Each structure stands twice: as C-alpha cells, then as structure tokens.
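User: Hi! Could you show me how to read helix packing, a nonpolar core and a chain contact in a structure?

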Amino acid sequence: MRFAKHLLWAGVAVLAAYALGALATTRGEPVNSLWIVVAAAGTYLIGFRFYAKWIAARVMVLDDRRATPAERLRNGHDFEPTNKWIVFGHHFAAIAGPGPLVGPTLAAQFGYLPGTLWIIGGAVLAGCVQDFVILFASMRRDGKSLGQMAKEEIGTIGGFTALVTVLLIMIILLAVVALVVVNALRDSPWATFTIAATMPIAVLMGIYLRFWRPSKVLECSLIGFVLLIASIFGGQAVSHSPTLAPWFTFGGMTLAIMVIVYGFLASALPVWLLLAPRDYLSTFIKLGVVLLLAVGILLVHPTLQMPALTQFIDGNGPVFKGKIFPFAFITIACGSISGFHALIASGTTPKMLAREWHAWPIGYGGMLLEGFVAIMAMIAACVMAPGVYFAINAPAGVVGAAPAAAVATISSWGFPVTVDQMAGLARQVGEQTLFARTGGAPSLALGMAHIFSTSLGGAFVSFWYHFAIMFEALFILTIIDAGTRVGRFMLQDLLGHISAPLGRTSWMPGVLFSSALIVGAWGYFLIQGVRDPLGGINSLWPLFGIANQLLAAVALCVATTILVRMHGARYMWITCLPLGWLLAVTLTGAYQKILSPLPDLGFLAQAAQLRAALDAGTIAAARVHATEVLIVNARLDAAVCAVFAILVVTIALDSIRTWAGVLRGTVARTTTESPFVATQLNAEEL
Amino acid sequence: MAYGLRVLRGLVHELSDQRAYAQHLQAHGRTHSAAEWRRFSDERLKAKFGRPKCC
C-alpha cells in the first residue's frame, strides 16, 4: 500500500514535470490547454502533499490535541468550530475576487508562458505559504488581525504601516476595478442595462429578505438569480430597440460618474438594502461560474492561439508598458500571491478552525484553488486569436482610434486581424464594437463565452458573453460597495482622533462626509484612468499590483518574524525567499514607474514630455487644460508609487532590525502564542 | 457521496448565513421570528461589511 502511494506520487511528479517541460520548450506549434491544466494540477498536488505538509509538521508543528480559538473562545458568533470543508469553501469565497481573473488576462500580452509559470510557481512557493503561515499565526494568537500581529511582532511602525497600506490599497483597488467595469460597459446598451438591472433586483431582494420572508436567503438568492438571467435577455431586447438603446448607451466619463454616485449611495445606505443581498448573490454566482469554467475547459480543452512568448516581453506591449521583469509579476498578483489574502487569513477563517491541521488544506489549499482560477483565466485569454486579443485590449492611443488603423498596427506586429473579423465577432456577441475595450473584462468574457458555448455545441455566444460580463461586473460592484464602506470606517477611525463626532458611524453628517472623502479619493483615480489616452489600465493596474504585493511583503515580514522567534534562523528562508522576490519586484516596478526615462512607462518622464509639448506650443488650445490635468495626474501617480516604495522599505528595515535582534539575543525571543489548552472537541462530528 | 452532499449543503448554509442564524438562535435560546432575524442580520452584516473584501 505504502509502495503504491509512493508510486502514485512519483507518477504525479513525472506527469507535472513532463507537462511543464512541454509548455516551456514548445515553440511554433499549437499547444493544447490541457497541458497547462496538467502542469498546474500536478505541481499544486505535489506542493500541497509534500512542501505544505512538511511546513505544517516540522515548522509550525501543528497539533490536533491543542484547542483552537474556535473551541476555546466559542461564542456562537464569529468563534465557532466548523467542518473543515465548509471553512474551505467560506475561505475560498472570501479570497476569490476579480484579481485572479483580470491579472492573467492582461499579462497574456507577454504570451501564455510567463504568466502560467508565475501562477504555478508563485502560488506554491509564495502565495500559499503566505496565506498558510498567516492563518497559522493568527490561529495561535486567538484570531488576531494582520495589523495587530504586525504591531506585536515587529513594532508600532509595522502596525501603522499595515493600516496605512490597507487604506491606500483600498483606494487604488476600488479605482482600478471600477475602471474595469466602466470599460466593459462603455457604449454597450446590453451590458449597461443588465448591470443597471442588478441594482433594483438587489433592493428587491433586500426588502424581500427583511420584511417579506426574513431569513430565507437561499430562496431570495434563487429569485435574484432568475431575475438576473431575465435581465440579460432584457438587455438584448434593449440593445435591439432603436428607442431604448440610446438610453443605455454611455461614454466612459458618464459611466465613471454613475459608478462614483453608486459607490457613495452604497456606502451611506443601510447594508441590508443593497450590499447584503448583492453579496449573497455574487458569492453563489462566483462559485458556480468558477466550477462551470473548470468543467468547460476540461470538456472543450481548447488549443491555445497565443504564442508561448510574444515580442512584448521587451517592454513595448500595447496593453501596458514594461518588461517581463518585474511587470509580469506585478500584473498577476492575486493568482500567485496577494497581500489581501493575509487580511482574510487573519480575519474570519482562523476563528472557525476546529483543528490545527485544518489550516493545511484551508490556508495552503485555498490559495492553490485561487491559483487554479488564475490558470483558467489565462487559458480563456489565450484561446482567442492574438490579433483579436490585442484589438480588444490595446487602447486607441496606442493602435489608433479608427478600426482600419488599429488592425493595420496589430497585423504589423505579426498578429493578423481584420476589420471584418472584429465586426463579425462584435455582431456575434451583440456589441457595436470590440475595439479598444481595455481592462481585461471584455476579452475574458469573450474567452469564457467561447468555452461555455463550445461545450454546449457552439450556441448562445452572445448570451454567454453578457453572462460573463454580468458575472464580472456583479462581483466587482460588490467589491466597490463593500470596499467603499470599509474605507469609510477606516477613515472615520482616523477622523475620530481629530473630531469625535466624525468618528461616530451612526452620525449621518460624519457618514456622508467620510463617504464623500473616500469616494472622492478612488473616484479621482477612476476619472484619471478614463481620461488617460493610454487607457488607464497602463498606469493604474501596475499601481494596484505594487500596492497588493506591498501588503504581501508586510505579511511575509510578520510571518518571517514569527518563524525567527520560533526557530531562530533555521526555517526563515521559507518566507524570506518569497519576501526577497517581492521586494525585488515591487521596488524595481516602483523605480521604473517613477523614474523610467520612457514616457509610456515612467510617470515623471510622461509629465516632462507633456510639459515640454505645452511649452513648445504643440498642443491644441482646446487640449491645454486636459494636458495640464494629465501632468498633475502623472506626478500624483509618481508620488503614490513613491509612498508605496517608502512604506515597503520602512517595514522591511524594521523587520530586519527585529530579526537581527532576536538572532543576536538583544531582543527577547518571546512568543505571543496563546498557551496550550487540550481540546475537548470531537471535530469529526462537525 | 452522502458526506459530500452533507458538506455541500453545509457550505450553502454557511454562505447564506443560515448556519450562523441557527447557532444564534440556539446560543440565545430564542425562536425564529422576523424581528429576531433582523436583529441577527444587523449584527452579522455590521461585522461582515466592516472587513475589507478581497481583490
């Protein structure tokens, strides 16, 4: 039996290695997407069974005889021992957002190989390790948050940095995901109607759940789902109606203002009315679509059209500028490592673990599944013809606003595409045009629609396209409304130190003021993105990636400090290696985004180029004010990037000081773990 | 198979807050009513939407 198990694992290892080898060495011939699936699944299984189990047994010394906080502090609320697979589903639903879908789609401009390798290797060695160690650390410390642990383990600077970082990331995150939605809805009456319909549907669900059928969440979500599907068909009818279509056809700026107003209302309205019903619905749809996509890819196993590597690894990509290092690793954040996960792993999840060993499948395994979602997004982006991919994702400012100019530019790169081909595709999905639909969402929706419709015999492409857009926009809007609210709470927490009433979450003027401030902050960046001639994603997505990886660096600093306090220098490499990599990536990325002499890449060079054009009088009088605004925006982006870099250096230096102190013996090697209490719980009964 | 279905049902109940509501009723020795659901829901949602959502 033991021999058969060894043989089985050896087989998995050989298969994964063979698939990885095939992916890495195949050039110029079509590659089936199943190779990516096999390479990822095999590597993830090996990482989970051997590396993660070794960390759990040797480094963390997980002990099922020890009572978890869920058992010791059980209160029927947040502390509650729960079946491990239920916690797994809950944890995965909490960590899965639009990041692992959009990031790989954008990074596909480098070809399928760099992103795929980073998603596979990064998840096993970095992202999963971060989530797992932080979950373990929080579980051993009564479910403490990342900020609390940073303060206790590293010092006050660490704690403060964590708080400021989270607030800054929230602002950039909300702006960038809002931009993705705006770009997906621009000039699309079908998509705009469908998304607009989700709001009255959510309000109806809220009233239903509050007054008509209290507690019937499942029943209410089912009704909401049926209404959502009806709204997709309604959107189709609207788009075909010459009277109604103009009512739902908007440009980027109008849509941006609508999203900003929505964010403000959602932040100020009672949670039960809009946020909660939308959140329930979004969670179920998210899990369902991920499952559906996995089944679809296995059924269809499409051939990848994108080459393994494109010429854009040199930094001249049309989707965003910057070389493969560091930008492939910044663009794909959530599918490989995401600092935000550390907030979840030190939030609800540690308070639900019934056994210490449950942290292994939940902390490490949950992130592996997230990596798999990113792999599916990469496949969905790479199954379409590269010419089509670039026509959708390249901004008009790069390839030209006229379709003929855009296809000529893209075809000259060696990725043939025609105006007729794009027009036919747009007709097929019920859109007026698919040119320059930047942001990743439309091309991902097209890839998903291709997979879904092919698995059903090639029918209903337009329905699936708009279903995918609705799915993406629905849970992005969930992040916008919930994120704005959380940002408001954080801001009120800070404002409370200046004026006590402003800190009260029940005082309406304070609520409105702080909501306006937080919405104004991300709304500013959103409008900046809409105005950006390079499409906005070029500047905002790298900023978001740097910020998210910065939070991961904070989490890994905390994790390393805990390991150093536990074992000295012996096992610190486990978190130090990914930390070193992240520091290299974020600092190089920040340096290039601020100081690169290339105007398309460096914010300051871009500002200088625009200033020189203004001074030389080559800007038309009508564009002078807009150009002044672009200069201010570029300088602001440079400043934000510099703040991120300073924060990451500060916390890294502070952590190194603590590690050196512990290793030299000048800082006490004390543990902040809760004392051992023997468990009385029969976890198998849960 | 039966275990899988039980877990799936448990997960759906967890994600729809049905499990937490049942625990709330049990912990406080109360029975279901519209007012009780609203009391539970307000508390639950306050905590839920006080935390950042993942990207």
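Analyst: Happy to; we will take these topics in turn, keeping in mind that this is a predicted model.

User: At what angle do the axes of helix α9 and helix α21 of chain A cross?

Analyst: A crossing angle is read together with the approach of the axes. Here α9 (residues 189-212) and α21 (residues 461-495) of chain A have axes that come within 10 Å and cross at roughly 45°. The two helices are therefore oblique to each other, and their crossing is right-handed.

User: Which residues make the contact?

Analyst: From α9(A) come Trp190(A), Ala191(A), Thr194(A), Ile195(A) and Thr198(A), and from α21(A) come His466(A), Ile469(A), Met470(A), Ala473(A) and Leu474(A). Sorted by class, that contact has seven nonpolar, three polar and no charged residues.

User: Which residues touch the most other members of the largest nonpolar core?

Analyst: In soluble globular proteins, nonpolar side chains tend to be buried together. In this model the largest nonpolar core has 244 residues, and those touching the most other members include Ile172(A), Ala178(A) and Leu526(A). Helix α23 (residues 537-567) of chain A gives the largest share, 20 residues. Leaving out residues up to four places away in sequence, Ala178(A) touches Val259(A), Ile480(A), Trp522(A) and Leu526(A).

User: How many residues does the contact take from chain B and from chain A?

Analyst: Chain B contributes 28 residues and chain A 45 residues. On the chain B side, α1 (2-15), α2 (18-28) and α3 (34-48) each supply at least two residues. That side divides into 14 nonpolar, nine polar and five charged residues.

Notes
Residues numbered from 1 in each chain as written. Chains lettered and ligands numbered in written order. Predicted model: local features only at pLDDT ≥ 70, side-chain atom pairs only at ≥ 80, totals over all residues. Axes fitted to C-alpha atoms, helices over the stretch in contact; angles between N-to-C directions. Helix = DSSP H or I, 4+ residues; strand = E, 2+ residues; numbered from the N terminus. Parallel < 35°, antiparallel > 145°, perpendicular 65-115°, else oblique. Left-handed = near helix turned anticlockwise from the far one by under 90°. Contact = placed C-beta atoms within 7 Å. Nonpolar A, V, L, I, M, F, W, Y, C, P; charged D, E, K, R; others polar. Core = buried A, V, L, I, M, F, W, Y, C linked by C-beta atoms within 7 Å. Buried ≥ 20, exposed ≤ 12 C-beta atoms within 10 Å, placed from the backbone.
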